[in-house]
Amino acid sequence: VLGGAALAAAGCGGGSETAGELLASRARLPEPFTVPLPIPEVARPVSPGRYEVTQRVAAVEILPGLRTEVWGYSGTFPGPTFELRRGSPAVIGVRNELPVPTSTHLHGGVTPPGSDGYPTDLVVPAGYSSAHGHPGEVLHPVVKDYRYPVEQRAATLWYHDHRMDFTAPQVWRGLAGMVLVRDEEEDALPLPRGERELPLMICDRSFEEDGSFRYPHTAHSTGAGGHSAGTHGAGTHGMGGGAHGLDDGTHALDPDYLEGVEGDVILVNGAPWPVAEVTAARHRLRLVNASNARRYRLTLSPKARFTQIGSDSGLLAAPIDHDTITLAPGERHDVIVDFLNYPPGTHVTLLNTLSNGPQGKVMRFVVTRRERDDTAVPATLSRPPRAPRPVTTRTFDFRRTNDSWTINGHRYQPGVPLASPRLGTAEVWRLTSDFHHPVHVHLAHFQVLARNGRRPDATDAGWKDTVDVRPYEVVDVLARFDGYRGRYMLHCHNLEHEDMAMMADFEVV
Ligand code: C2O
Ligand code: CU
């Protein structure tokens, strides 16, 4: 698949819908819709405004009867859900008991640069020493306090590992979870809550025969990795070794990763094709695509609409009805589904129409009984910030150049910003590409202005931080740089592309 053929095939318009290399599982897989949907635990503060979470290795049951070793926040996959409130700053102390360095990014967070999860700002295990680290690398031994001012609007965010060169294998191993920011504007709305608000983190994985996660090159990997970066020589692959060595400048394309990695098992909240009982009433689904490379076009069968109330960065001004919801890696959608449309007893399946067979199934809802429902979806949801007038336009071209995935022809180089927008201003960023690249911008939130000069998709509405740029597409976004000065990143959220250097710094000045 290495080479022009795959890229050319992927480029032939909207018809080609997968973006990654499908990796077949070797383990016995359960029948879809037999495993109950888990809901991740909500993290409790250890003192007002302070949370502590330990990243550790744990064995969990994902496939019935088998144990899977995960690298999880709190030893769970997904990690705990953090419920934060606008106006209440939070400190999250992240302790690293894994065998590898980590960096935690709050995706969608308006976060000061020192807590944004910069790829070389690492929390390292006890005894770790960097044999040949990246220039500018910062090592925090064992614990780092991430400080979140939480001045942003209510939104569905998520957090995940962001370690330089190793994000894809470390997230695959389980380092991801959800964050729900709440605020008074949202509290005042009669939306479903409690048991009828379901955070749904969707991702795909593959499994070895013994239940362990399968990832390219695991056979050659050093397993959990070493306590010294020296054990990750260039050419060491797999979950321990990452997509390539730690030496700077070795971001070579790997044929097994070229398009990103897709698993053949679809997990929701860490469970394979789960099933959940719901009452015949309105439910709020917080959809998060935490997959490394897989995109979804979600639909319900039997048919019902999704009423979208929120995008990546918070509530929309007004609800929008959709028959299908597209979700690229990193994107979120906040939707209401009214199960009153179905008679009790109905099995409602959430499907992904971009795939066939088992990968085309996501999860199932079983409608149990009627329930009094005094929720509603008001015609006016919120007053999102207005789009300011842009001061300039910049182009970022996401493309394969020679042997790398690059932005404007550059491989990622920490500390070398490609743009320096001014704090408090807005800019048009024109994103162009040769392939499917879900582009994510840290700190800044944006609105999609146009795709190929035309109206954006219906599901592009609202303020966002991630947009799927499709093959040979030109996507214009209006980004506002509010919050903090400092060094941030934009990158492709196909995590294998990110590790293969499709990332760039920008500096808010
Ligand atoms: Cu969700 Cu820079 O990533
Ligand atoms: Cu990409």
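Modeller: Let's start at valine 475, which lies in strand β32, residues 474-480. Keep in mind that this is a predicted model.

Colleague: Okay, is valine 475 buried or exposed, and why?

Modeller: Valine 475 is buried, because 24 other C-beta atoms lie within 10 Å, and the cut-off for buried is 20 or more.

Colleague: Which residues is valine 475 in contact with, leaving aside neighbours within four places in sequence?

Modeller: Those contacts are Leu431, Val448, Arg451, Val467 and Val469.

Colleague: Switching to domains, what does the assignment give?

Modeller: The protein chain gets domain 1, covering 50-187, and domain 2, covering 390-508. Between their C-alpha centres there are 23 Å.

Colleague: How many residues does the contact take from each domain?

Modeller: Domain 1 puts in 16 residues and domain 2 puts in 15. On the domain 1 side that touches domain 2, the classes are nine nonpolar, five polar and two charged residues.

Colleague: New topic: strand β9. Which residues are on the covered face and which on the uncovered one?

Modeller: Strand β9 spans residues 143-148, with Lys144, Tyr146 and Tyr148 on the covered face. Val143, Asp145 and Arg147 make up the uncovered face.

Colleague: How many bridges join β5 to β9?

Modeller: Six, and β5 (residues 90-96) runs antiparallel to β9.

Methods
Residues numbered from 1 in each chain as written. Chains lettered and ligands numbered in written order. Predicted model: local features only at pLDDT ≥ 70, side-chain atom pairs only at ≥ 80, totals over all residues. Domains from an automatic or database assignment. Contact = placed C-beta atoms within 7 Å. Nonpolar A, V, L, I, M, F, W, Y, C, P; charged D, E, K, R; others polar. Buried ≥ 20, exposed ≤ 12 C-beta atoms within 10 Å, placed from the backbone. Helix = DSSP H or I, 4+ residues; strand = E, 2+ residues; numbered from the N terminus. Pairing = 2+ DSSP bridges.
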